Amino acid sequence: MVLTVMNRFAELLDRLVLTPSRNGKLTLLTDYFRSVEDPDRGLALAAITGDLTIAAVKPAMLRMLVMERMDPVLFGYSYDYVGDLAETVSLVWPQSPGDIANHEPTLADVVAKLQAASRSDGPKVLARLLDSASISARFAIIKLVTGGLRIGVSARLAKQALADLGKVDVAEIEELWHGLTPPYAELFAWLEGKTEKPKKTALALFRPVMLSNPIGDGDLEKLDPAEYAAEWKWDGIRVQAVSEGGIRRLYSRTGDDVSGAFPDLAEAMNFSATLDGELLVGDPLQATGTFSDLQQRLNRKSVTPKIQQQYPAFMRCYDVLQIGDEDLRARAFRERRGRLEAFVQTLDPSRFDLSPLVEFTDWQALEELRRKPLHPVIEGVMLKRWDSPYLTGRPKGPWFKWKRDPHTVDAVLMYAQRGHGKRSSFYSDYTFGVWSGPEGSEELVPVGKAYFGFTDEELRQIDKYVRDNTIERFGPVRSVRADRRQGLVLEVAFEGLNRSTRHKSGVAMRFPRISRLRWDKPAAEADRIETLQALLDS
Amino acid sequence: MRASDLLHPRPEGLYCPPGDFFIDPVRPVNRALITHGHSDHARSGHRSVLATQQTLDIMGLRYGEGFAGTTQAAALGETIALNGVAVTFHPAGHVLGSAQIKVVHQGSCIVASGDYKRQRDATCEPFEPVKCDVFITEATFGLPVFRHPPDTEEITRLLKSTAQFPERAHLVGAYALGKAQRVMRLLRDAGYDKPIYIHGALAKLSDYYQGQGIDLGTLEPATVESGGKDDFSGAIVVGPPQAFADRWARRFPDPISCFASGWMRIRQRAKQGGVELPLIISDHADWDELTATIRETGAEEIWVTHGREEALVRWCELEGITARPLHLVGYEDEGD
């Protein structure tokens, strides 16, 4: 069987969405990039990274197209059963035997036809494409035109696959990325060793960032406090602000362009430099917002003026990589810090400020400061060697993060779900809850889900517990006996709490993991929801 | 005679009053005619059973000899008279030994098809369309969304995955009777000649298939004694689906869970079941096969059983064919 190129893309999407492991996804992606020709592979890459522009077709239009072709009652039964419009349409689309000729469209054909279609003839073009495609290709086409593949692959992971393909560092891909456009033929040619690395010609490109290592046991004794500067570690998102030749971009830590979500900040970037810092919300002169506030601004493609006003974005700068034409990355941190301090003074003070240094004499003194940070949005301290250049990646030694100790709560195991891959025969994903309600009629309310933090041996023990104490089964999920008299208490560690309207408990944990199994603790003595609520209000 | 006087549902199953027999009864009865060996159709404890020799053999393997008082083998195409009612078994293409049962009496002709499919399957006789007045069809996949791809494409995807992930074991969930052997045979037909590892629950039936001249190649038990974990690297292991959720599966290195079933057409079904590689291979007719078969039988009336009756009844209405759901209880989809 020869798979047409469109079908290979469709097959890739299908496999990616069902493959849970990161390595599995990488293998599928690199295999695809290796075996598919230009320009199809580059268009597939753009579709995955969200860099493919196709005029969207609304779901209502799609539904209308299919209703013109089949009995509405049968469509209704079908849609009710499947639950997903794109999938239903791809399956029920009527197919006359002559339609699928030997010329099933390539991804490039599909993209070209869709991009050339005007708003008015878009639906007709789509219908003709669906007529000429097989079921899985139809699904892929519909996903392309309705926007959002939702296959669990980030742009970052796609770039890692490219790096694996060419055996280069992912930082090299990130650095080039924003200067390239689909279908990325020159990028693939370089990764396959056929040509030189593409030249950076575009302005305001991303520079791969420098990352820190956590302070481990015994690390501090080996470090001389005099060689390190300390700063607060702000709980925002790491951004790089690049402004060059009138082009202004805000990049995430992995090189995704997030400028669109922060037009207020981008507007204030009337300089020529590359700055490294933390994106926060609030007013730097008055009050810094919490991570919960910041979340109002995250994961949005565009943002309303009202939200911008309510949660203004600003950048707390801690490093400078370039000023004008001068690349500062090879200079020592001490020198860069001096240049940064002077530079930030020239910027709009409501949008940019300087992350202050924390004065300390020895590790003991710093430890005390770390334990009692002066603001809730501080999550620890950073240590930076005064003489370190700005290096790409996570070199061991020059930068350390020393985080505040995590919060913990004692919760009761409520549901367990089977894992994937290596863990597919283990109940390894746990939903846990804490007590709520008046004394005498307490109920467990779920507060989070965790699937790591335990050893293999502990996993075996919990798995056995789950199997021995199952009350009900729903597909891969088991509900486990959990009441005042019996239940497994889990000590759960987490980094913080957000308010949540989606969860019944009203809270959502950040980075929850199982820190200890409390076989010794009676379920009735697990924590109450008020403990978490207090944390939210502090 | 009216068709509904010749066959109609009773709590025990589909009953023929003039012939005094049941077809695929779910409770022990005096005389049972059985379409195929899946456990929801073939139960033990009847006083007498009439079925194809292969179905009788399979029932013997599953329930032990003595699963019925007496047995009688029906040869395909041969008419047998039961109290003046003429019954004939015709191949259904579902699993080895599966048959449709034609019932004729006083000018009325009904075909009870049991479970059936139209895709070619090297492990059983192909379905034979039989002209009749009333055709009783299953509707397991009776929705327009169910369209099974060619099984060879699905096996190609499995083999491609074993090449992509040579260090991992591929665990293929497939029902023990029919589907498992079909998957193995498809692998052989695709040129896969390494041993296939099987769960113990498949051994007896697979041996039987081989004994019936259906070559499945070398099958090895998937036991830890046959080697360490690494011996299953790159292996294809076939077992009943429920075994893969069980502790049994822990002996395999970083397994990829695959499931051969018509249900795998729906992504959410695959996702919920934690299936990484869904293989859409079904022993039941898909929507297009159901509708084509209904037309081919030339039946004036269609009775629809187990599955999504409403969509198929609706389709018949649109086509001007009389149709009604036949409410039979107790049938699951063991075969898929």
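Visitor: What is the mean pLDDT of chain B, and what share of its residues reach 70 or more?
Guide: The mean for chain B is 93, and 96% of its residues reach 70 or more. pLDDT is the predictor's confidence in each residue, from 0 to 100. This is a predicted model: local features need pLDDT of at least 70, side-chain atom pairs count only at pLDDT 80 or more, and totals for chains, interfaces and linings use all residues. Residues are numbered from 1 along each chain as its sequence is written, while chains are lettered from A and ligands numbered from 1 in the order in which they are written.

Visitor: And the ipTM and pTM of the model?
Guide: ipTM is 0.94 and pTM is 0.82.

Visitor: How many helices and strands are in chain B?
Guide: Chain B has 9 helices and 19 strands. These are DSSP runs numbered from the N terminus: helices are H or I with at least four residues, strands are E with at least two.

Visitor: Why call chain B as compact as a globular protein of that length?
Guide: Its radius of gyration is 20 Å, close to the 20 Å that the globule rule gives for 336 residues, so chain B is as compact as a globular protein of that length. The radius is taken over C-alpha atoms, and the rule is 2.2 Å times the number of residues to the power 0.38. Along its principal axes, the C-alpha trace of chain B spans about 65 × 45 × 30 Å.

Visitor: What share of chain B counts as buried?
Guide: 54% of its 336 residues. Buried means 20 or more other C-beta atoms within 10 Å of the residue's own, with C-beta atoms placed from the backbone.

Visitor: Last one. What does B:Val238 touch?
Guide: Leaving out residues up to four places away in sequence, its partners include B:Val172, B:Val183, B:Ile196 and B:Leu202.

Terms used. Buried ≥ 20, exposed ≤ 12 C-beta atoms within 10 Å, placed from the backbone. Contact = placed C-beta atoms within 7 Å.
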